[in-house]
There are 2 protein chains.
Amino acid sequence: MIFRQFFDADSSTYTYLLASGPGREALIIDPVKEQASQYLAAIHDLDLKLVKAIDTHTHADHITALGDLRNATGCVTLMGEFTKAECVSMQVRDGERLDVDGIRLQALYTPGHTDESFSFVLHPGQPQAVFSGDVLLIRSSGRTDFQGGDPHRSWDSIVNRLFKLPDDTTLYPAHDYKGWMSSSIGEEKRHNPRLAGKTEAEYVAFMRSLQLPNPKMMDIAVPANLACGRP
Amino acid sequence: MIFRQFFDADSSTYTYLLASGPGREALIIDPVKEQASQYLAAIHDLDLKLVKAIDTHTHADHITALGDLRNATGCVTLMGEFTKAECVSMQVRDGERLDVDGIRLQALYTPGHTDESFSFVLHPGQPQAVFSGDVLLIRSSGRTDFQGGDPHRSWDSIVNRLFKLPDDTTLYPAHDYKGWMSSSIGEEKRHNPRLAGKTEAEYVAFMRSLQLPNPKMMDIAVPANLACGRP
């Protein structure tokens with residue numbers, strides 16, 4: 001399997017390129033507009049054909065590359081079924097499976113950071129990894145104070161959905177701000193300071209206490225991303 | 001096997017933490033002083049015991065965490081045999097093997113970026129990966145204009161040593177400046193613009209034409225690193 005993680009330093013965003021099989025078909029998760037040329041270079045050099053570009057949710061801190069990648073490659077753009085981004089050409093439901101040339105992903109509805117956030121489980125049944133977007137981060141979790149975010153739903157998505165995956169499932173989030181590139185479900189159960197040993201009430205109170213400023217890109221990024229990054 | 005890649009955003013440095021086996025012994029490659037607390041947190045959370053801390057070479061753009069990690073964990077500090085850092089407690093020769101609790105690394109002398117740079121091959125014989133320090137970077141190569149750097153030796157190390165590894169060997173360099181986290185030997189043979197289809201003379205002329213400013217940290221980092229980061 002071909003697996004590549006990319007980092008956008010401006011927004012601390014991780015993007016994932018996956019491919020497998022003789023057809024050289026690839027998919028990409030959470031691509032950043034400013035890095036589109038990097039992804040296209042990797043796709044070229046690895047002799048891949050991009051067939052799906054996925055956003056886990058409507059990002060508020062960077063502009064998606066979905067539209068640019070669709071223009072460049074003809075790929076299908078994809079989000080979860082509750083997205084307000086009418087530009088995407090495919091929406092998936094909770095539990096739905098995506099098969100791309102030997103790569104199988106299962107969509108998992110994980111609201112809380114936003115009300116339309118999905119995670120994607122790689123090779124469900126014997127999961128190898130989960131791409132969690134912003135709902136579960138390494139030793140952290142995504143803020144719950146805008147775009148339909150809700151700390152109760154965040155707790156439920158993490159504890160009752162993501163933490164039901166096997167402990168050795170690798171966690172690949174959409175962001176990290178301290179230089180960590182991956183974790184595992186078991187590690188976050190044991191060591192995520194917002195969750196380990198905490199009750200739902202404690203988690204909700206903590207999330208409500210955060211008082212974070214809006215992301216500096218929010219007023220630009222959200223409307224742009226509802227148009228797949230093509231304002 | 002436990003494998004973790006970390007990123008120091010200030011110097012765009014990659015650091016690698018590896019462990020395997022029942023003894024929970026771990027090694028780390030090219031750790032950055034400012035990130036030492038991050039590595040120690042990961043080592044704690046993963047229930048590991050750090051036994052070796054390795055620098056591929058004397059870095060000029062950041063201060064090593066070798067001394068801090070030795071102080072914190074009692075680990076052995078290690079560099080190649082031509083280092084001028086007298087503080088390190090172990091030096092390895094070209095071809096020498098290191099065994100850490102199921103992790104096997106082979107030291108590979110790859111001068112060119114500096115005259116004392118080593119790479120480390122993971123699981124020689126059936127190599128899975130190579131940690132190349134700064135001599136070979138993703139679609140690039142390390143500058144050759146200070147600390148005994150030499151573009152002829154860089155070419156020789158890359159073409160006659162690293163490129164002799166199997167094409168599917170994953171390349172993990174000490175830096176990337178464009179958000180790529182790994183590559184492969186085959187990919188660099190085919191697509192590294194400084195090397196693919198080039199002659200040694202063309203490579204040497206290109207490296208000599210670069211006219212790069214000194215790294216801003218150089219006057220601090222090199223003397224500090226000769227003392228394992230403890231000036």
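Is R139(B) buried, exposed or partly exposed? I started my notebook with this one. R139(B) turns out to be partly exposed, because 19 other C-beta atoms lie within 10 Å and a buried residue needs 20 or more. A reminder to myself before going on: this is a predicted model.

**Entry 1: two residues with positive phi**

I looked up R139(B) for its backbone. Its phi is positive, about 60°, although R139(B) is not a glycine. I found R139(B) in the loop that links β11 (136-137) and β12 (140-141) of chain B.

D101(B) was next on my list. D101(B), also not a glycine, has a positive phi near 50°. The loop between β7 (97-100) and β8 (103-109) of chain B holds D101(B). I counted 17 other C-beta atoms within 10 Å of D101(B), so I noted this residue as partly exposed.

**Entry 2: the hairpin and its sheet**

From D101(B) I went on to the strands on either side. β7(B) and β8(B) make a hairpin with two residues between them, and D101(B) sits in the turn. The two strands are antiparallel and share four bridges. I noted D99(B) opposite R104(B) in β8(B).

Which strands make up the open sheet, and in what order? I read β7-β8-β9-β10-β13-β14 of chain B, six strands with mixed pairing. β7 and β14 of chain B are the edge strands, each pairing on one side only.

I then followed the pairings across the sheet. β8(B) is joined to β9 (residues 118-122) of chain B by five bridges, with the strands antiparallel. Here Y109(B) stands opposite F118(B) of β9(B).

Further along, β10 (residues 129-133) and β13 (residues 170-173) of chain B run parallel, with four bridges between them. I wrote down two of the facing residues: V130(B) has L171(B) of β13(B) as its bridge partner, and F131(B) stands opposite Y172(B) of β13(B). As a note for reading such neighbours, side chains in a regular strand alternate between the two faces of the sheet.

**Entry 3: chain A as a whole**

I turned to chain A and counted six helices and 14 strands. Its radius of gyration is 16 Å, close to the 17 Å that the globule rule gives for 231 residues, so chain A is as compact as a globular protein of that length. Along the principal axes, its C-alpha trace spans about 50 × 40 × 30 Å.

I also checked burial and contacts. Of the 231 residues in chain A, 53% count as buried. Among contacts in chain A with a separation of 6 or more, 59% are between residues 24 or more positions apart.

**Entry 4: inside the chains**

Which residues touch the most other members of the largest nonpolar core? They are I28(A) and I28(B), in a core of 115 residues. I listed what I28(A) touches, leaving out residues up to four places away in sequence: T15(A), Y16(A), L17(A), Y39(A), L50(A), A53(A), I54(A) and L69(A).

Helix α3 (residues 151-160) of chain A came next. I found P151(A), R153(A), S154(A), W155(A), S157(A) and I158(A) buried in this helix. The elements covering these buried residues include β11 (136-137), β12 (140-141) and α5 (200-208) of chain A.

**Entry 5: how the chains meet**

How many residues of chain B are in contact with chain A? I counted 16, and they touch 16 residues of chain A. On the chain B side, β1 (2-8), α1 (36-45) and α4 (185-191) each supply at least two residues. β1(B) gives the most, with five residues. By class, I noted five nonpolar, six polar and five charged residues on this side.

Definitions and conventions: Residues numbered from 1 in each chain as written. Chains lettered and ligands numbered in written order. Predicted model: local features only at pLDDT ≥ 70, side-chain atom pairs only at ≥ 80, totals over all residues. Core = buried A, V, L, I, M, F, W, Y, C linked by C-beta atoms within 7 Å. Buried ≥ 20, exposed ≤ 12 C-beta atoms within 10 Å, placed from the backbone. Contact = placed C-beta atoms within 7 Å. Rg over C-alpha atoms; globule rule 2.2 N^0.38 Å. Nonpolar A, V, L, I, M, F, W, Y, C, P; charged D, E, K, R; others polar. Pairing = 2+ DSSP bridges.
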